[in-house]
Amino acid sequence: MNVFLKAMAVGSVALQFAAPAFADDIKLRFAGVFPIDHQGTKMMEQVAADVNAANVGLDMTVFPASQLGSGEALFEDVARGNIDFASAFIYSDTDPRLEFLNMPFLVSSYDDMERVLRDMDSDYNRILQDITDEYGIRVMAANPEGFVGIVASKEPDNWNNFEDKGMNIRVWSSNAVKSTVEALGYRATTMAWGDIFPALQSGIVDGAICCTKTATYSIFAKSDVGTHFIEYNSLLEQTFYYGSERTLAKLNDEQREVVQAAMTKASADFFAYNRENDAAFGQKLIDSGYTILKLNDEDQKAMAEYVRATIWPTMESAVGKDVIDQVLAAVQ
């Protein structure tokens, strides 16, 4: 599959289409994975509204809530040109080097996210773009929402140390994430995003590492699912706006600039929203009946140091030591 995608990417770069007349607007499909009422979907709708209002011959339609496929599937469909743009996390299923996006405790604050993750000219994002270039995908903007915690149906045993927690936690398709959760003392079950809600409700899993406080309140607490949020701040909730080079090759310079400007603006607005509302949604969680468990500074530092020393070296075989070294240099 990887060879196939790379071959298609090389071919797509060679295809330069003449810009079409504006008599018939070019239809663009913008696919996402956020629930319909999630702020991330509202930002996608903002992108589409800005693109369509620019009157440059583009007609963008938003398909939220995994209507066109899961986050894992979207990457391959965008690479093929079946979907024009996506708003989703970029998983490592297609290329193991992309696992660097799951490095635990890589950044520790919103300032770090702004400097390292949102700046598309940062060394970190250059590493990402170098990899996605091979698949004919252009990363248009990075959208770090904040730190994810564990949404749980009960309080874990030994939640503030490395002892066994007596709980089975859902993780996404990442060996680094699975190893991180296991290093903290949980059992881990890999599960797609769409399966979390019913799995928690039925007791198949006791919790899930998946969401910021904002998303936990909006998705779980408002539906009376879950009782605890364990705030380890080890992993990021991060999505990207990315597009197919096949689609971008069909657009003229003005059209490409309009799409890029709309996504850059939405990325900034989304980051500002999440940064400003993190504490407020934490309080909403508490008001809804949730308990938030947060490590003190000493325990947080000890956990970060332990996980970095335990997990980072194990990632080298999949990601490549050269990539790991580049990533670590990029976040200094």
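The buried residues of helix 13 pack against helix 4 (110-118), helix 5 (123-133) and helix 12 (316-319). Contact here means heavy atoms within 4.5 Å. Helices (H or I, at least four residues) and strands (E, at least two) are DSSP runs, numbered from the N terminus. Helix 13 itself covers residues 321-330, and V323, I324, V327 and A330 are buried in it. Buried means under 20% relative accessible area, exposed over 50%, partly exposed in between (1.4 Å probe, protein chains only). Seen down the axis of helix 13, the buried residues fall within an arc of 125 degrees, so they line one face of the helix. The arc is taken from the directions from the helix axis to the C-beta atoms.

This is a predicted model: local features need pLDDT of at least 70, side-chain atom pairs count only at pLDDT 80 or more, and totals for chains, interfaces and linings use all residues. Residues are numbered from 1 along each chain as its sequence is written, and side-chain values use heavy atoms, with hydrogens and water left out.

**Cores**

The largest nonpolar core has 69 residues. F100, Y124, I209 and Y242 have the most contacts inside it. Strand 4 (residues 137-152) gives the largest share of this core, seven residues. A second, separate core of 25 residues includes L28, F30, V51 and M60. A nonpolar core is a set of buried Ala, Val, Leu, Ile, Met, Phe, Trp, Tyr and Cys residues joined through side-chain atoms within 4.5 Å.

F220 is found in helix 8 (residues 213-220). At 1% relative accessibility, F220 is buried. Leaving out residues up to four places away in sequence, F220 touches several residues, including V151, I196, F197 and Y290.

**Salt bridges**

The structure holds 17 salt bridges. Each is a side-chain nitrogen of Lys or Arg within 4 Å of a carboxyl oxygen of Asp or Glu. Three of them are listed here.

| Pair | Closest N and O atoms |
|---|---|
| D59 and K27 | 2.8 Å |
| E182 and K178 | 2.6 Å |
| E231 and K294 | 3.7 Å |

D59 in strand 2 (residues 58-63) and K27 in strand 1 (residues 26-32) are 32 residues apart. D59 is partly exposed at 23%, whereas K27 is exposed at 59%.

E182 and K178 are four residues apart in helix 6 (residues 175-183), so about one helical turn separates them. E182 is partly exposed at 36%. K178 is partly exposed at 27%.

E231 is buried, with a relative accessible area of 11%. Salt bridges that share partners join K213, E231, D278 and K294 into one network.
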